[in-house]
Amino acid sequence: VVDADIACHYKRFPMHLFAYRVHTHRLGKVVSGYRVRNGQWTLIGRQSPQLPQAFYPVEHPVDVSYDDILAARCVFSGEGRTTETHIGGTANDEMCNFYIMYYMEAKHAVSYMTCTQNANPEMFRNIPQEANIPIPDMLKMTHGHHEETQDTDKISLLQQAKKEEEEILDQGDFYSLLSKLLGEREDVVHVHKHNPTEKAESDLVAEIANVVQKKDLAREITDHDERDNTILVRDRIHRFHRLESTLRPPENRHFSLQQPKHGEGSWEKEHTGDFHIEEAVEWPGLDLKLGQVSGLALDPENNLVIFHRGDRVWDENSFDSRFVYQQRGLGPIEQNTILILNPSNAKLLHSMGKNLFYLPHGLSIDKNGNYWVTDVALHQVFKLGADDKEPLLILGVALQPGSDNNHFCQPTDVAVDPITGSIYVSDGYCNSRIIQFSPNGLYMMQWGEESSLGRARPGQFHIPHSLALIPDFSQLCVADRENGRIQCFRLETGEFIREIKHKSFGRELFAVSYVPGGLLFAVNGMPYPGEAEPVQGFVMNFSTGEIIDTFIPLRKSFEMPHDVVASENRTVFVGDVHARAVWKFASTEKMEHRSVKKAGIEVQEVKESETIVEARLKNNPESTDPLKKQEKQHLVRQASTGVSFVLITTLLSIPVVVLLAILVFIRWRKTTVYGADGEHKLDSSSGRILGRLRAKSNGGLNLGNFFASHKSYSRKGFDRLSTEGSDQERDEDDGTDSEEECSAPPPPPAPSSS
């Protein structure tokens with residue numbers, strides 16, 4: 001007999017339990033769940049996992065409050081087994097689950113929580129003895145001993161059916177995976193309204209449904225030995241993954257087949273443009289060793305600044321119920337928490353912030369290069385000079401949460417008006433307000449309140465998490481995290497102007513950033529179980545609020561993207577607090593130009609290809625027939641391939657023709673120009689030519705340098721044809737942004753007077 005124990009401290013608002021469900025595989029005998037308060041064990045539910053697995057009502061209502069302990073024990077018996085049994089997802093493995101249904105006050109509600117550890121193994125010495133006693137079989141108890149023989153067949157059938165189900169795959173895991181798949185593509189249900197390929201995808205959905213039909217699976221397994229069962233399991237899993245990959249859209253393209261609601265924009269319309277953001281996969285910054293990344297900003301030189309937590313972690317043990325930090329004894333973080341990086345190559349330029357902060361959160365940089373940061377443990381806001389070790393200004397009282405004019409409660413972010421110097425603080429996790437201070441730190445005004453029940457009204461917040469100041473429009477936009485929206489206010493008065501909210505945001509919107517010129521960038525949170533909206537980045541038109549593009553990483557995956565910052569050249573950085581990583585994204589146009597720098601021949605090919613695409617789109621009206629669309633795409637591909645071949649062949653032949661012309665010219669001069677003594681004489685021009693050829697004989701002929709020496713030619717147009725990459729390396733060494741330098745195609749050769 002083996003016990004599996006689980007226990008966690010509950011660190012949220014009160015919840016009320018009303019149902020429970022237990023789950024193990026064949027070796028489980030009894031599963032019991034308890035609330036432990038002040039050493040007293042209160043039974044939530046106790047059941048045999050071999051009985052029908054449904055949610056059973058809690059006999060006596062149980063409430064769970066902050067700092068209670070939730071505990072569960074599963075009792076297993078290895079009787080009849082001759083080999084070791086491990087934890088796992090197949091029928092031959094075991095697992096221990098105790099599920100609870102609960103309700104909470106709506107304004108504090110959390111729809112999904114997990115406990116997967118044993119916080120206090122010693123406490124299980126005092127677990128009630130009932131938790132160790134197996135529950136007798138219900139069928140035997142109901143019919144009595146005298147009917148045991150006649151009911152043996154029924155019991156065998158039930159056990160056999162359960163065994164056959166579990167031989168395929170554990171139901172809980174399988175349905176969880178299936179729900180996640182179909183949840184991410186809830187549009188499949190509505191696909192036949194908008195997509196002519198609805199039948200293929202609907203058939204796939206039906207096939208997945210067929211995979212999990214118990215009777216279908218049981219029929220196929222009947223009368224097979226253990227080896228056949230294993231093969232079938234592997235085949236079914238392979239089949240499921242094949243279907244999953246067929247249904248799931250490519251990860252670097254997002255689309256929706258649902259009709260947009262009024263005010264939410266149209267995906268079809270928003271994605272018809274050349275603007276698209278993709279990860280800059282060559283950027284080495286993703287491999288940096290960082291703590292939890294909480295804040296990002298760009299300084300006046302466009303260097304990337306990262307605010308991270310070093311070896312400190314924010315978890316359920318960090319604060320008590322009054323939001324007082326519980327790990328003050330650890331002292332401030334000993335590592336440098338502020339890192340300044342070259343945005344092109346991620347080289348560390350400078351670092352600071354050692355022994356200043358306990359739990360970093362928000363970061364912004366004003367026009368003078370001062371750093372503004374928040375610390376949720378200290379409940380303070382700091383202003384730091386780029387080279388100063390001590391803060392220039394501190395707002396709030398250290399380690400004291402509050403809601404008056406002099407205190408914060410876990411402030412999240414800061415924004416500074418570049419015109420007036422006014423300071424705006426979002427406060428925060430336990431206050432729901434925006435506070436304005438003068439440039440010297442004097443309180444001026446505040447606005448906002450906690451969200452009410454039902455739909456959140458304008459000016460209400462549920463964790464104002466991130467700020468974006470829009471000087472072009474004199475507005476301050478707030479990422480209202482738990483309400484999954486952006487709210488914008490007038491800077492001078494705090495007057496509500498508008499809300500930006502899209503279904504694709506999901507429940508949470510973590511951060512927002514503005515770029516002069518009218519672009520708004522944002523990142524959302526992970527979807528709750530069963531919800532469809534993926535975690536991703538958004539590019540929006542600030543004036544209309546419409547989504548222009550979405551983006552996700554190609555390397556690793558977003559786990560909890562916590563902050564986003566973008567530059568005017570459309571370079572975007574995203575910091576993830578759970579993945580402890582920073583991604584760099586760039587527009588595809590910018591990335592095309594980067595490839596041009598390394599191989600200038602490509603630029604004309606790309607432009608020609610674009611011209612052909614545009615010409616065909618103009619000459620052929622849009623058709624709803626998918627076959628015509630495919631034919632059009634095929635023609636475009638063929639045309640661009642043919643043009644590419646002709647262009648490359650032509651360009652490669654030019655140097656050969658020029659070289660042959662030079663050699664013919666030299667040969668002709670040899671046969672016609674001689675001195676009196678018969679010695680070969682050269683005129684000054686041909687002498688210079690041969691002199692240059694001899695001088696370059698060791699390193700090979702450099703046509704760019706050769707033509708650059710003549711008045712009728714310029715070096716422009718030849719530097720970018722170098723395939724050695726020396727220009728790019730030199731640019732990086734000089735500390736310049738090589739991406740900006742190649743933001744336009746190389747100019748054609750032009751006459752020069754020098």
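The side chain of His 407 makes a polar contact with the side chain of Gln 400 at 3.5 Å. Such a contact is a pair of N or O atoms within 3.5 Å; within protein, one must be able to donate a hydrogen and the other to accept it, and residues adjacent in sequence count only if both atoms are side-chain atoms. His 407 sits in the loop between β16 and β17 (411-416). With a relative accessible area of 15%, His 407 is buried (under 20% is buried, over 50% exposed, and partly exposed lies in between; 1.4 Å probe, protein chains only).

The model is predicted: local features need pLDDT of at least 70, side-chain atom pairs count only at pLDDT 80 or more, and totals for chains, interfaces and linings use all residues. Residues are numbered from 1 along each chain as its sequence is written, and side-chain values use heavy atoms, with hydrogens and water left out.

β16 also belongs to an open, antiparallel sheet of four strands, ordered β13-β14-β15-β16. Strands here are DSSP runs (E, at least two residues), numbered from the N terminus. Two strands pair if DSSP finds at least two bridges between them. β13 (360-365) and β16 (393-395) are the edge strands, each pairing on one side only. β13 and β14 (residues 371-375) are joined antiparallel by four bridges. Pro 360 faces Asp 375 of β14.

The salt-bridge count is 18, where a bridge is a side-chain nitrogen of Lys or Arg within 4 Å of a carboxyl oxygen of Asp or Glu. Arg 485 pairs with Asp 480 at 2.9 Å, N to O. Arg 485 is buried at 2% relative accessibility, and Asp 480 is buried at 0%. Arg 490 meets Glu 495 at 3.4 Å, N to O. Here Arg 490 is partly exposed at 33%, as is Glu 495 at 43%.

A further bridge links Arg 507 and Glu 531 at 2.5 Å, N to O. Arg 507 lies in the loop between β26 (496-500) and β27 (509-515), and Glu 531 in the loop between β28 (519-524) and β29 (537-541), so the pair ties together parts 24 residues apart in sequence. Arg 507 is partly exposed at 40%. Elsewhere, salt bridges with shared partners join Arg 35, Arg 37, Asp 63 and Asp 68 into one network.
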